[in-house]
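This briefing is an introduction for someone meeting the structure for the first time. Please look through the sequence and the model before reading the points that follow.

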Amino acid sequence: MTHTLPRRALLAAAPLVAAPSVLRAQGPNATQARLLVIGGGFGGATAANFARRTYPWLDVTLVEPKRHFVTCPYGNLVLAGTRQIGQITHGYDGLRARGVRVVHDWATGIDAAARRVRLAGGETLTYDRLILSPGIALRWGAIEGYDEAASEIMPHGWVPGDGAQTLLLRRQLEEMPDGGVVGLAIPANPFRCPPGPYERISMIASYLKRHKPRSKILALDAKEAFSKQGLFQDAWAQLYPGMIEWVPSNRDGKVTKVDARERVLETEFGTRHKVAVANVIPPQSAARIASEAGLTDQSGWVPVNPRTFESRVAPGIHVVGDANIPGPMPKSGYIANSTAKQAVASAAALLRGETPPEAVYFNTCYSHVGEDYGISIVGVFRPNAEGTAIAEVQGSGGVSPRGNLPEQRKLEALYADAWYDSITKDMFA
Ligand SMILES: Cc1cc2nc3c(=O)[nH]c(=O)nc-3n(C[C@H](O)[C@H](O)[C@H](O)COP(=O)(O)OP(=O)(O)OC[C@H]3O[C@@H](n4cnc5c(N)ncnc54)[C@H](O)[C@@H]3O)c2cc1C
């Protein structure tokens, strides 16, 4: 389905400027309640900032080990060389200035019954409501031979960290001779950022085209189809002809084993691909703190109430961002932002004995595929009438139209940059 740009731009902007629509003004007699947020990324920073701005009666503490947050979004542009790591690095002083108590430490355990969180540094924090947004864990060993040590040779570049993984991949691309093969291993669903690997292929191709035009990209995929596939493949044919080979799982694209020292990616049926640079994006699950707290199910992700994002097994804990099972919604920064606001609004209502606001969630995922060339996918989601699951609102979104549309591609690249600026302001105050 296609739709016009102005509507797309409006959809993209909506949740960043507006709180969930039914929030009420807070009365002067509201008692102070403790909102604890774990994880200072897309879900957690949004939650802390939104809570302070919207519910001044809430006492908000954010627990995040890192002093700076390097976003995954726009990390692919660092690989292309069109952004520097400093441009995607954010600090927490803005949140402090808003009145959030920021504690740089790891949460090491959650006692849901006692409403207490233990920190690595020894402190114990108590809460009335907890927002948990710890992101993902990489499933080391799910691909044979791919562990933390192997990721120092074959970087994943798939968690925010300190940017070291993205910089390592960038350095390897710079050091690679012209004519080398860059291999990618791409996981099956569900995983963080469905269009991310394909934006990455595009941004690596953009770098190679400029600096090492005889080089090739071999993308080995554990799936048979991917997000915005037609748009990506059109762009690859137009911008990078002959440079990218995408191998789906039904053509032996699923990587099951790696040999990091030899830089070999091995597929399901035993085909060994020796490459010059390997980017391995392994299968994922909810971050460790969520599984250790017993919040995950057999899928490895956290089941939640679609209206409030409260855990199905632990009352008082709202799990937002990539760690939960969000039905048809993608694991994106935008959804983390949107669900964080609904979770905070629900937590605030429940603390005051009120009904949580009606839920509506927004997503726009932009991808850069070349210079002045952006594409996107949009969706609006709501819980079903029974409140048991989330469904995409019929006719609400879609993807950019296909065809030779240079003006539209240029505008979407600009919208993407505006999205990045507005969402990071919305997170970090
Ligand atoms: C290459 C790439 C490109 C992407 N591009 C886009 C894009 O264009 N648009 C988009 O919408 N999304 C994009 N995404 C997806 C987006 O990054 C994630 O969906 C988003 O970061 C999820 O937010 P989160 O809060 O769940 O996790 P994160 O943003 O990863 O934040 C989790 C935070 O929790 C902290 N944490 C973890 N465990 C603990 C603990 N025990 N105690 C305390 N803190 C803890 C971590 O340090 C981290 O800071 C991209 C992802 C990748 C990999």
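At roughly what angle do the axes of helix α2 and helix α10 cross? In this predicted model, the axes of α2 (residues 42-54) and α10 (residues 406-428) cross at roughly 65° and come within 6 Å. The points below begin with this pair of helices, continue with a set of strands, and end with a database annotation.

**Helices α2 and α10**
- On the α2 side, the residues in contact are Phe 42, Ala 45, Thr 46, Asn 49 and Arg 53, and they meet Ile 423, Lys 425, Asp 426, Met 427 and Phe 428 of α10.
- Sorted by class, this contact has 5 nonpolar residues, together with 2 polar and 3 charged ones.

- Strand β14 (residues 255-259) pairs with β15 in the antiparallel sense over 4 bridges, and Asp 259 stands opposite Val 264 of β15.
- These two strands form a hairpin with 4 residues between them, and in its turn Arg 263 has a positive phi of about 55°.
- Strand β16 (residues 272-274) also pairs with β15 in the antiparallel sense, over 3 bridges, and here Val 264 stands opposite Lys 274.
- The hairpin of β15 and β16 has 4 residues between the strands, and Gly 270 takes a positive phi near 85°.

**Annotated span**
- An unreviewed UniProt entry lists residues 34-146 as "domain: FAD/NAD(P)-binding".
- In the model, this span is 21% helix and 35% strand, and its end C-alpha atoms lie 41 Å apart.

Definitions and conventions
Residues are numbered from 1 along each chain as its sequence is written. This is a predicted model: local features need pLDDT of at least 70, side-chain atom pairs count only at pLDDT 80 or more; totals for chains, interfaces and linings use all residues. Side-chain values use heavy atoms; hydrogens and water are left out. Axes are lines fitted to C-alpha atoms, for helices over the stretch in contact, and angles run from 0 to 180 degrees between N-to-C directions. Contact means heavy atoms within 4.5 Å. Ala, Val, Leu, Ile, Met, Phe, Trp, Tyr, Cys and Pro count as nonpolar, Asp, Glu, Lys and Arg as charged, and the others, Gly among them, as polar. UniProt positions are given in the numbering used here, feature names are shortened, and annotations may be inferred rather than shown by experiment. Two strands pair if DSSP finds at least two bridges between them.
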